[in-house]
Amino acid sequence: MRALTIAAVLVAMAATTAQAETFPVIQNATVLKECGDCHMAFPPETLPKASWEKIIGNMADHFGEDASIDPAVAAEVLAYHVQNASDVSTVRAATKWRANGTFARITDAPRFQDKHGTCPPEVWKHEKVRSKSNCLACHTTMQKDGSTDANMNFLPANLKSQCGE
Ligand code: HEC
Ligand code: HEC
């Protein structure tokens, strides 16, 4: 019985791994520097062009912070985000995030909500997470290799399982 259960879990894990989404790794040094200082440099495939125009066009009031950048630098950073936006890029991750609407945040996008909707509030409040936007708390290698594999071993088992892990 136990061996059978383990076998079933392994098969399920293999299936998950095969489908797991991978973001293209951000190589642009300006983007990594300007957008990776306070939080990870988020994958641009997660939001449409119009969202990036709004966000990067108003860095002086960036989610309550003044994150102003030089206009020439902002133009380069915006061009990179637009080129890789969910409604512009044709890579697999972008097509998965493609959706109608302009979202103020990645965490407002339907795909984020689909994938994380079962996580209870205690998870987001956990001292190792603190915010939904702290992708690296769970997807520890996302910046480095684009992986969306989640590692939530820091959470109590009951919370972890509610997130679908
Ligand atoms: C509290 C932990 C946690 C945080 C924080 C978190 N995620 Fe996740 N994420 C998960 C879990 C759990 C899953 C579903 C299981 C899995 O895919 O390993 C998941 C799934 C995903 C998937 C789908 C993977 C697939 O192929 O099905 C993507 C994409 C993703 N997360 C992106 C993000 C992004 C972007 C952020 C930050 C804005 C983020 N996540 C923040 C835990 C988290
Ligand atoms: C001075 C610090 C700082 C810099 C630099 C910065 N951000 Fe942010 N960013 C924040 C804060 C604070 C939040 C809100 C985080 C939260 O709600 O947990 C945020 C949130 C975001 C979000 C929303 C994440 C979510 O919740 O879905 C996006 C998208 C974002 N930033 C993009 C960028 C981009 C693009 C750049 C580079 C042009 C950048 N940020 C540079 C501080 C910064």
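**View 1. The lining of the largest cavity in this predicted model.** F23, P24, V25, I26, M40, A41, F42, P43, M142 and Q143 line the largest cavity. A cavity here is a set of points, on a 1 Å grid over the protein atoms alone, where a 1.4 Å probe fits but cannot get out, and lining residues have an atom within 4 Å of a point. The lining divides into nine nonpolar residues, one polar and no charged, where Ala, Val, Leu, Ile, Met, Phe, Trp, Tyr, Cys and Pro count as nonpolar, Asp, Glu, Lys and Arg as charged, and the others, Gly among them, as polar. The volume of the largest cavity is about 40 Å³, taken as the space filled by probe spheres set on the points, which are joined across faces, edges and corners. One cavity of 30 Å³ or more is counted.

**View 2. The residues around ligand 1.** Ligand 1 is surrounded by 21 residues, the closest being E21, H116, C135, C138 and H139; a residue belongs here if one of its heavy atoms lies within 4 Å. This shell divides into 12 nonpolar, five polar and four charged residues.

**View 3. Polar contacts of ligand 1 (pairs of N or O atoms within 3.5 Å).** A polar backbone atom of E21 sits 2.7 Å from an oxygen atom of ligand 1. An N or O atom in the side chain of K115 is 2.9 Å from an oxygen atom of the ligand. For H116, a polar side-chain atom lies 2.8 Å from a nitrogen atom of ligand 1.

**Notes for all views.** Residues are numbered from 1 along each chain as its sequence is written, with chains lettered from A and ligands numbered from 1 in the order written. Local features need pLDDT of at least 70 and side-chain atom pairs pLDDT 80 or more, while totals for chains, interfaces and linings use all residues, and side-chain values use heavy atoms, leaving out hydrogens and water.

Notes:
On a 1 Å grid over the protein atoms alone, a cavity is a set of points where a 1.4 Å probe fits but cannot get out, and a pocket is an open set with protein on both sides within 12 Å along at least five of seven lines; lining residues have an atom within 4 Å of a point. A polar contact is a pair of N or O atoms within 3.5 Å; within protein, one must be able to donate a hydrogen and the other to accept it, and residues adjacent in sequence count only if both atoms are side-chain atoms.
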